[in-house]
Amino acid sequence: MKEKGGGWCKDRGYGKNFADHLGTTLNDRKRGRQGFDTDQYMAWVRQAWTRCYAKNSNTTWVSVNTDGAYTCFVTAACNLQTNPDMKTWTLAN
């Protein structure tokens, strides 16, 4: 995966998941925010891609928060809205 930058795409997203974060166990949710450089955060990025792609195989961008929340996007370009707790990713080509 390739990082676009800090924040999320301003364009309309789909698959927003702010109520149920990617942490699948109570222990994951208790850990709270994870740094961008942690294995847990990168696992959330991979899980978000898997879930977004399952909903729409045309997914082009995925924004993932340090608390596990994510949003999926199908847009050619991603104009970032800055957020220090979120990064946006695309598949490396």
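This is a predicted model: local features need pLDDT of at least 70, side-chain atom pairs count only at pLDDT 80 or more; totals for chains, interfaces and linings use all residues.
By the rule used here, the count comes to one salt bridge.

With that link in mind, the overall plan can be laid out. The protein has two helices and seven strands, and, read from the N terminus, its elements follow the order β-β-β-α-α-β-β-β-β. Of its 93 residues, 40% count as buried, and its accessible surface comes to about 5400 Å², with 48% of that area belonging to carbon and sulfur atoms.

The covalent links come next. A disulfide is a covalent bond between the sulfur atoms of two cysteines. The structure holds two disulfides, and, when the bonded cysteines are counted along the chain, they follow the pattern 1-4, 2-3. One of them is formed by Cys 9 and Cys 78, whose sulfur atoms are 2.0 Å apart; with -110° about the S-S bond, this link is left-handed. Since Cys 9 sits in strand E2 (residues 8-9) and Cys 78 in the loop between strand E5 (70-73) and E6, the pair ties together parts that are 69 residues apart in sequence. Both Cys 9 and Cys 78 are buried.

The other disulfide joins Cys 52 to Cys 72, with an S to S distance of 1.8 Å. The torsion about its S-S bond is about -70°, so the disulfide of Cys 52 and Cys 72 is left-handed as well. It links distant parts of the chain, with Cys 52 in helix H2 (residues 39-55) and Cys 72 in strand E5, 20 residues apart. Cys 52 and Cys 72 are both buried.

In soluble globular proteins, nonpolar side chains tend to be buried together. In this model, the largest nonpolar core has 11 residues in all: Tyr 41, Trp 44, Val 45, Ala 48, Trp 49, Cys 52, Val 62, Val 64, Tyr 70, Cys 72 and Trp 89. H2, strand E4 (61-65) and E5 each supply at least two residues of this core, and the largest share, six residues, comes from H2.

Two members of that core, Tyr 41 and Trp 89, also take part in ring pairs. By the rule used, there are two aromatic pairs. The rings of Phe 36 and Tyr 41 have their centres 5.1 Å apart and their planes at 90°, so this pair is edge-to-face. Phe 36 is partly exposed, with a relative accessible area of 25%, whereas Tyr 41, at 0% relative accessibility, counts as buried. The rings of Tyr 41 and Trp 89 have their centres 6.5 Å apart and their planes at 45°, so they make a tilted pair. This pair links distant parts of the chain, Tyr 41 lying in helix H2 and Trp 89 in strand E7, 48 residues apart. Taken together, the ring pairs link Phe 36, Tyr 41 and Trp 89 into a cluster.

Two further residues show how separate stretches of the chain meet. Tyr 14 is found in strand E3 (residues 14-17), and, not counting residues up to four places away in sequence, it touches Cys 52, Lys 55, Asn 56, Thr 59, Thr 71, Cys 72, Phe 73 and Val 74. Tyr 14 and Val 74 are 60 residues apart along the chain, yet their C-alpha atoms are separated by 8.2 Å. Asn 83, in turn, lies in the loop between strand E6 (80-81) and strand E7 (86-90), and at 16% relative accessibility this asparagine counts as buried. Leaving aside neighbours within four places in sequence, Asn 83 is in contact with Gly 6, Gly 7, Trp 8 and Asn 65.

Note on methods. Residues are numbered from 1 along each chain as its sequence is written. Side-chain values use heavy atoms; hydrogens and water are left out. Helices (H or I, at least four residues) and strands (E, at least two) are DSSP runs, numbered from the N terminus. Buried means under 20% relative accessible area, exposed over 50%, partly exposed in between (1.4 Å probe, protein chains only). Contact means heavy atoms within 4.5 Å. Accessible areas come from the Shrake-Rupley method with a 1.4 Å probe; for residues, only the protein chains shown count as cover. A disulfide is a pair of cysteine sulfur atoms within 2.5 Å. A salt bridge is a side-chain nitrogen of Lys or Arg within 4 Å of a carboxyl oxygen of Asp or Glu. A nonpolar core is a set of buried Ala, Val, Leu, Ile, Met, Phe, Trp, Tyr and Cys residues joined through side-chain atoms within 4.5 Å. Rings of Phe, Tyr and Trp (its six-membered ring) pair if their centres lie within 6.5 Å; planes under 30 degrees apart count as stacked, over 60 as edge-to-face and the rest as tilted.
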